[in-house]
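The structure is placed below, followed by my notes.

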Amino acid sequence: MKLLVTGGAGFIGSAFIRLVLGGDAAAEVLNFDALTYAGNLENLEPVADHAGYRFVKANLCDVAAVDEAVASYAPDVIVHFAAESHVDRSILSPKPVIDTNFTGTFHLLDAARRRGVQKFIHVSTDEVYGSIDPPADADEDFPLRPSSPYSASKAGSDMLALSYFTTYKLPVIVTRASNNYGPYQFPEKLIPLMIANALDDEPLPIYGDGQQVRDWLYVDDHCRAIQSLLEKGQPGEIYNIGGNRALPNLDVVRMILAATGKTESLLRSVEDRPGHDRRYALSSAKIQRTTGWTPAMDFEQGLARTVDWCRANTSWVERVRSGAYRDYYDSNYSRREEELGRVTAGSKR
Ligand code: NAD
Ligand code: DAU
């Protein structure tokens with residue numbers, strides 16, 4: 001099977017390619033990636049010499065490049081990861097998010113419609129459901145109430161993808177995963193940012209009261225879920241993919257402090273994210289029923305593995321945190337600094 005994978009130089013896309021190529025000498029993958037700040041070919045070094053691996057540096061916003069890649073590679077299957085994936089960046093600068101996540105997805109869907117593929121997996125997110133009041137869990141029929149430009153762009157692209165199934169019978173599957181974590185994650189996201197800052201004895205910025213709840217999914221579990229849907233998922237369907245481990249942010253950060261051997265003196269309460277979703281909660285019953293997939297990684301073990309990976313790969317971490325990352329860090333966190341304050345030990349703030 002020939003796979004065209006978009007965003008394969010990013011965090012989840014690269015884990016997916018390592019999984020697919022690592023387990024099969026005959027597998028074939030074309031990685032279509034623009035190498036934005038989040039794309040890094042070092043993530044693919046373990047499989048770069050695989051005979052079936054190809055890379056094209058191209059942008060989803062370039063309709064001719066998308067058409068050319070789909071027509072000339074003639075994939076059996078497309079797995080679409082590429083996106084502007086960070087909520088805070090989407091708040092600071094929404095346009096690239098709409099361009100890539102909505103218009104770029106449109107270009108890819110339309111090229112796939114004209115060329116024809118056996119399956120098109122559109123990788124989306126639980127953020128499209130917005131904040132969910134306890135005790136509810138979102139199933140796939142839950143209303144969409146996206147809060148940020150990022151989640152609205154993903155909700156819009158989900159609708160567009162499903163319309164290509166309804167109208168053109170393009171065999172689209174939409175997946176909605178919860179918060180991923182693991183090796184190679186760009187350190188703008190909560191877990192890798194807190195690990196990197198803690199290891200460097202830098203402050204750990206907690207948005208608001210730190211009681212927002214996220215459901216944590218180890219990246220390899222997410223990739224196995226997508227593999228199971230390539231095999232058994234039904235076109236036209238949506239599948240939630242949750243980690244079954246919901247935790248308040250402050251609890252996660254305290255676990256990182258423990259795992260890195262640092263103290264609570266590093267915790268800082270900073271200005272909250274505008275429109276911050278309070279709680280995400282997913283039911284993954286449908287994918288479990290359809291494919292038998294379940295998340296395998298225990299959160300404590302996955303977090304320990306991620307901390308170990310960061311310790312063993314300091315040059316990767318330092319390279320991606322230099323240059324443009326510093327500019328982003330300053331623009332996102334400097335305006336919050338006036339509110340920097342200590343989170344007192346044991347407090348729920
Ligand atoms: P990431 O930011 O680590 O990687 C994104 C990749 O897409 C990068 O390699 C980047 O170069 C590429 N890219 C961005 N814009 C592009 C464009 N215009 N053309 C071509 N390539 C482009 O993202 P991630 O965390 O790996 O997320 C992958 C997908 O999974 C996204 O669609 C995201 O919405 C979804 N998702 C992420 C999470 C999470 O917790 N990270 C959870 C659920 C769903
Ligand atoms: O739920 C799936 C989504 O998870 C994906 O669709 C997104 O691509 C991914 O970025 C992630 O979105 P979040 O906004 O939930 O992830 P982030 O790591 O940015 O933040 C997690 C929580 O931690 C959130 O409540 C905000 C908080 N936070 C984050 C950062 C970066 C902080 O308190 N401080 C921080 O410095």
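This is a predicted model: local features need pLDDT of at least 70, side-chain atom pairs count only at pLDDT 80 or more; totals for chains, interfaces and linings use all residues.

The side chain of N59 has an N or O atom 2.8 Å from a nitrogen atom of ligand 1.

I then checked burial: ligand 1 alone exposes 840 Å², of which the protein buries 96% (Shrake-Rupley areas, 1.4 Å probe).

I listed the shell (residues with a heavy atom within 4 Å): 28 residues surround ligand 1, the closest being I12, D33, S85, Y150 and K154. By class, 14 are nonpolar, twelve polar and two charged; Ala, Val, Leu, Ile, Met, Phe, Trp, Tyr, Cys and Pro count as nonpolar, Asp, Glu, Lys and Arg as charged, and the others, Gly among them, as polar. The largest share, three residues, comes from β5 (strands are DSSP E runs of at least two residues, helices H or I runs of at least four).

I turned to the open sheet, whose three strands follow the order β7-β9-β11 with mixed pairing (at least two DSSP bridges per pair). β7 and β9 run parallel, joined by three bridges; Y181 is partnered with Y218 in β9.

Residues are numbered from 1 along each chain as written, with chains lettered from A and ligands numbered from 1 in written order. Local features need pLDDT of at least 70 and side-chain atom pairs 80 or more, while totals for chains, interfaces and linings use all residues; side-chain values use heavy atoms, without hydrogens and water.

Key:
A polar contact is a pair of N or O atoms within 3.5 Å; within protein, one must be able to donate a hydrogen and the other to accept it, and residues adjacent in sequence count only if both atoms are side-chain atoms.
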